[in-house]
Amino acid sequence: MENKSVLKHTIGVLAFMLLFTAAIFLVANSSFAQDEEELIDISTGKIILSQNSYTYDGQAKYPEVKVIVNGEELNYYEYDYSYSGNTKAGTAKVTVTADEYYGYTGKLL
């Protein structure tokens, strides 16, 4: 009787170890698969601003930014952007930087 309970316990432990090992293997392989995907370069894309020109009033301007790559609009969380030269009269710039986590790479000026 004691041998049967030891055997059941051993089988249970081995089954748990097998499932745990399989789970680790699946997680590791899914991470590698994500890393192997080719990133899409946004540098050939297009920036669309909510407004392209302003009358100078001494205030910094922050138009909304949309990014189009390969004919599709990216989600706002798939890139970061920054403004420069937007506080004085003249030409300002928006720089868009892709977020590699979402499968994109590169910069767009």
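# A chat about strands, core and surface

Me: Which residue forms a salt bridge with Lys61, and how far apart are the closest N and O atoms?
Reply: The partner is Asp57, and the closest N and O atoms of the pair are 2.8 Å apart. A salt bridge here is a side-chain nitrogen of Lys or Arg within 4 Å of a carboxyl oxygen of Asp or Glu, and by this rule the count comes to 1.

Me: What should I know about the model and the numbering?
Reply: This is a predicted model, in which local features need pLDDT of at least 70 and side-chain atom pairs count only at pLDDT 80 or more, while totals for chains, interfaces and linings use all residues. Residues are numbered from 1 along each chain as its sequence is written, and side-chain values use heavy atoms, with hydrogens and water left out.

Me: Back to Asp57: why does it count as partly exposed?
Reply: Asp57 is called partly exposed because its relative accessible area is 46%. Buried means under 20%, exposed means over 50%, and partly exposed lies in between, with a 1.4 Å probe and protein chains only.

Me: How many helices and strands does the protein chain have?
Reply: The chain has 1 helix and 8 strands, and read along the sequence they follow the pattern α-β-β-β-β-β-β-β-β. Both are DSSP runs numbered from the N terminus, with helices (H or I) of at least four residues and strands (E) of at least two.

Me: How many bridges join strand 2 to strand 3?
Reply: Strands 2 and 3 run antiparallel and are joined by 4 bridges, and Ile47 has Val67 in strand 3 as its bridge partner. Strand 3 also pairs with strand 4 over 2 bridges, again in the antiparallel sense, with Ile68 opposite Glu73 in strand 4. These last two strands form a hairpin with 2 residues between them, and Asn70 in the turn has a positive phi of about 55 degrees.

Me: Why is strand 3 largely enclosed by the rest of the structure?
Reply: It is described that way because 4 of its 5 residues are buried.

Me: Is Thr95 buried or exposed?
Reply: Thr95 is buried, because its relative accessible area is 19%, and its place is in strand 6. Leaving out residues up to four places away in sequence, Thr95 touches Asp80, Tyr81, Ser82, Lys107, Leu108 and Leu109, where contact means heavy atoms within 4.5 Å.

Me: Which residues are in the largest nonpolar core?
Reply: That core has 11 residues, including Ile42, Val65, Val67, Val94, Val96 and Leu108. Such a core is a set of buried Ala, Val, Leu, Ile, Met, Phe, Trp, Tyr and Cys residues joined through side-chain atoms within 4.5 Å. Strand 3 (65–69) and strand 6 each supply at least two of the core's residues.

Me: Changing topic, which residues form the nonpolar patch on the surface?
Reply: The patch consists of Tyr76, Tyr77, Tyr101 and Tyr102, with about 520 Å² of accessible area together. Patches are made of residues with over 30% relative accessible area and no salt bridge, joining like charges within 9 Å and nonpolar side chains (Val, Leu, Ile, Met, Phe, Trp, Tyr) within 5 Å. Tyr101 lies in the loop between strand 6 and strand 7 (104–105) and counts as exposed at 59% relative accessibility.

Me: And how much accessible surface does the protein chain have?
Reply: It comes to about 8,900 Å², of which 56% belongs to carbon and sulfur atoms. Accessible areas come from the Shrake-Rupley method with a 1.4 Å probe, and for residues only the protein chains shown count as cover. Of the 109 residues of the chain, 17% count as buried.

How values were computed:
Two strands pair if DSSP finds at least two bridges between them.
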